[in-house]
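Here is a short briefing to read alongside the model. Take a look at the fold, then work through the points below.

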Amino acid sequence: MSRIRFGAIVLALSAFASAQNPLHLIPVPREVRPAADQPLANGISVTCASPCDADDTFATDDLKNFLVQRGIAVTDSAPVHILIQRYGTPLSKSIYKDSLPPNTSAEPTANITPEGYAIIPDKKGLALTGFTASGVFYAIQTVKQLIVGNGPDAILHTATIRDWPALKYRGLDDDLSRGPVPTLDFQKKQIRTIAAYKLNIYSPYFENTMQYLSHPLMGPPGGTLTQQQARELVAYAAHYHVTIIPEQEAFGHLHYLLNWEQYSQLAETPHGYVLAPGQPGSLKVTHDMFAELAQIYPGPFLHLGADETQDLGRGQTKAQVDAQGLGAVYLDYLQKIVADLQPLHRKLLFWGDIAMHDPDLVKQMPASFKQATIAVAWEYSPQPNGYDRWIKPFTDAHMETWVAPGINNWSRVYPNYNNGLTNIQQFTVQGERLGVTGQLNTIWDDDGEALANNNWYGILFGAEAAWHKGEASIPDFQSSFGANFHGDLTGNIDQAQREMMAAHQLLHDSPLEADGSDLVFWIDPFSVDGQREAAQVRPVLSEVRLHAERAITLIAQARNANPNLREQDALDALDLGARRMDLIGLKFQVADEIADDYAVAYSLQTSKQREDHIEVSRRLNEINGVNGKLQDMRSRYSLIRDLYQAAWLKSNRPYFLTNNLERYDQTIQLWLNRIDQIRSVQRGWALNHTIPPASTLGIPAPPTP
């Protein structure tokens with residue numbers, strides 16, 4: 001598909017989606033009927049009508065703080081008001097009744113009362129009611145989204161809204177063990193943000209980055225969430241109606257622990273990552289960790305992990321697995337963990353990727369196990385044939401089940417939202433059809449390079465899909481995100497996200513069949529593997545770069561149009577992702593040009609013509625000079641290194657950053673070494689009028705036409 005045609009389709013979808021969701025609300029409410037706009041030039045008043053308990057007072061104050069941050073005056077004498085009232089009083093019942101569509105019973109139904117709310121316009125602004133503290137809080141989050149602009153130019157869009165979620169549990173699973181460990185301040189920002197989009201679960205993923213007093217070797221210095229910090233985060237999240245579910249791997253993914261000599265006997269394989277079920281100390285480690293977690297995290301859930309135990313049966317338990325089967329040994333040990341932790345009186349989540357392959361064994365698990373656990377089915381790729389085979393092994397066994405899609409941020413220069421949005425949309429809606437009670441959208445940092453501020457697009461669409469009854473609209477979301485999250489009314493940020501998706505898709509559709517991965521970003525284009533990949537991506541490099549550069553341009557244009565755009569750190573991260581994507585294309589192009597230049601120079605070195613000797617010098621200067629191609633590579637990687645370091649430190653602790661910066665430093669040094677090599681060649685040419693073969697310098701042969 002040509003870039004022009006792709007752009008035309010995108011614009012058409014954008015126009016349609018904007019018409020479908022003119023208020024740009026995320027998530028889109030169940031029922032919404034837009035009404036008149038109210039200018040806020042003279043400010044706004046906010047009243048929480050009595051009885052206004054501590055939760056409603058917090059939510060009301062949160063709204064007032066939001067308005068102040070937007071430069072909107074909050075004053076009792078303002079001509080526009082927002083009235084907040086918990087359901088139960090005659091006034092609140094009147095608000096709810098006025099929100100109802102025609103021929104709808106005025107009596108609230110069971111599906112709306114846990115977290116539902118209603119908003120109505122009146123002559124002076126909005127009145128809202130919620131059936132619970134969380135319902136009032138979510139109503140206020142919707143009100144925030146109805147306010148567009150800042151200061152005296154702000155406008156309140158009014159509407160009649162009745163709203164409640166499709167899924168009871170709507171969460172974010174956040175990888176804290178594959179490199180980036182966020183600061184406590186950034187985790188608080190995550191809590192505030194996910195709550196603003198009506199998520200109610202935050203699940204930090206731990207392999208070795210939670211502090212355990214009983215196992216102090218677990219936590220790396222500078223990269224551990226302390227128990228004091230965890231308690232502070234739990235208390236903070238409670239105000240925002242977010243439950244924290246700590247996920248501590250209890251079976252697999254314990255490589256960092258098992259690398260310590262005193263734990264080595266517990267490993268299924270030497271220095272592996274799976275606990276050996278036959279070792280008594282294995283269960284004790286799990287018991288100790290979860291006993292401490294239960295004291296820190298008071299919520300009703302704990303997450304055992306227990307995924308990807310591929311080492312099981314390859315070491316200490318080989319004979320047992322050979323005799324009984326992998327599924328039987330896995331489920332037997334999982335059952336022992338669950339039984340051991342029953343005195344904690346928590347519901348225990350576990351990943352479903354191993355047990356799903358033995359559905360008959362899952363059905364045969366005792367009722368006590370099924371009642372004590374929640375199976376979390378996970379799969380992170382779009383599946384044209386659907387997700388039933390991931391979900392049904394557990395729902396058919398009458399187990400409570402959640403689905404866990406992924407935003408596809410891992411090991412890429414920027415998340416691949418072609419995969420992420422479709423996966424989130426379809427896994428969630430198909431789970432809803434099969435009766436799952438929750439969605440746990442996932443962030444993974446597999447190679448340690450991912451940046452948290454790249455993830456909001458996928459996080460917000462996860463919130464949309466989990467709240468939304470039925471299939472959430474991807475085009476609708478794509479046309480609302482920029483206005484909602486950044487305050488960009490030009491549409492440029494929305495289009496910048498689409499440009500990055502288009503760049504990923506071009507690489508995916510190339511013979512390389514990859515996307516904008518970190519592996520492609522880091523590969524040396526002069527290497528054998530780099531040359532192989534160059535041949536596969538060469539036809540699409542120009543288009544990939546044009547999409548990435550268009551994204552950079554659109555971000556700049558959006559910022560120029562509105563210097564007060566929100567979430568600037570996320571825009572910086574998007575800009576950086578586009579620059580990294582662009583460099584993927586540029587480095588392969590430059591490598592080809594260097595190969596061509598050197599081949600021409602080498603072929604002309606024996607000529608007797610003065611013009612040819614001048615051409616040799618010119619070609620070498622094209623490679624290495626003030627504006628040489630080697631200098632271009634050095635400078636691009638150097639700039640991106642600095643931008644990357646700044647972006648990392650906006651959300652993360654310094655822990656692990658050196659690992660990534662060393663990749664930049666190593667790559668920069670590679671191009672500096674090549675500068676020195678070619679400079680030596682230039683000296684030799686000036687003195688002896690000879691240059692060595694390209695192969696002696698590591699320069700590949702020119703690409704064949």
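Accessible areas here come from the Shrake-Rupley method with a 1.4 Å probe. On that basis, the protein chain of this predicted model exposes about 27600 Å², and carbon and sulfur atoms supply 53% of that area. The chain has 705 residues, of which 59% are buried, and its secondary structure consists of 24 helices and 16 strands.

**Overall shape and packing**

- A compact globule of 705 residues would have a radius of gyration near 27 Å, so the 29 Å of the protein chain agrees with that expectation.
- Taken along the principal axes, the C-alpha atoms fill a box of roughly 100 × 70 × 45 Å.
- Of the contacts between residues at least 6 apart in sequence, 77% join residues at least 24 apart.

**Charge**

- How many positive and negative side chains does the protein chain have? There are 58 positive and 77 negative ones.
- The centres of these two sets of side chains lie 3 Å apart.

**The disulfide and its neighbouring proline**

- The structure holds one disulfide, and it joins Cys 48 to Cys 52 with an S to S distance of 2.0 Å.
- The link of Cys 48 and Cys 52 is right-handed, with 105 degrees about the S-S bond.

**Another cis peptide bond**

- The peptide bond from Ile 26 to Pro 27 is cis too, with omega near -10 degrees.
- You will find Pro 27 in the loop between α1 (3-20) and β1 (31-39).

**Positive phi angles outside glycine**

- Asn 103 is not a glycine, yet it has a positive phi of about 65 degrees.
- Asn 103 sits in the loop between α3 (90-99) and β4 (117-122), and it counts as exposed because its relative accessibility is 85%.
- Ala 306 is not a glycine either, and its phi is positive at about 70 degrees.
- Is Ala 306 buried or exposed? With 1% relative accessibility, Ala 306 counts as buried, and its place is in the loop between β12 (301-303) and α9 (318-324).

- Asn 42 is found in the loop between β1 and β2, and it counts as exposed because its relative accessibility is 60%.
- Not counting residues up to four places away in sequence, Asn 42 touches Thr 75, Ala 78 and Pro 79.
- Asn 42 and Ser 77 are 35 residues apart in sequence, and their C-alpha atoms are 9.0 Å apart in space.
- Lys 469 lies in the loop between α15 (456-467) and α16 (474-486), and its 54% relative accessibility is why it counts as exposed.
- Which residues does Lys 469 contact, leaving aside its neighbours within four places in sequence? They are Arg 30, Ala 166 and Glu 432.
- Lys 469 and Ile 119 are 350 residues apart in sequence, with 19 Å from C-alpha to C-alpha.

**A buried tyrosine in a helix**

- Tyr 333 lies in helix α10, which spans residues 326-340.
- Tyr 333 has 2% relative accessibility, so it counts as buried; the cut-off for buried is under 20%.
- Setting aside residues up to four places away in sequence, Tyr 333 touches Phe 251, Leu 275, Pro 277, Ser 282 and Leu 283.
- The C-alpha atoms of Tyr 333 and Ala 276 are separated by 9.4 Å, although these residues are 57 apart along the chain.

Notes:
Residues numbered from 1 in each chain as written. Predicted model: local features only at pLDDT ≥ 70, side-chain atom pairs only at ≥ 80, totals over all residues. Heavy atoms only, no water. Helix = DSSP H or I, 4+ residues; strand = E, 2+ residues; numbered from the N terminus. Rg over C-alpha atoms; globule rule 2.2 N^0.38 Å. Buried < 20%, exposed > 50% of the residue type's maximum accessible area, 1.4 Å probe, protein only. Contact = heavy atoms within 4.5 Å. Lys, Arg positive; Asp, Glu negative; His and termini not counted. Charge placed at Lys NZ, Arg CZ, Asp CG, Glu CD. Disulfide = S-S within 2.5 Å.
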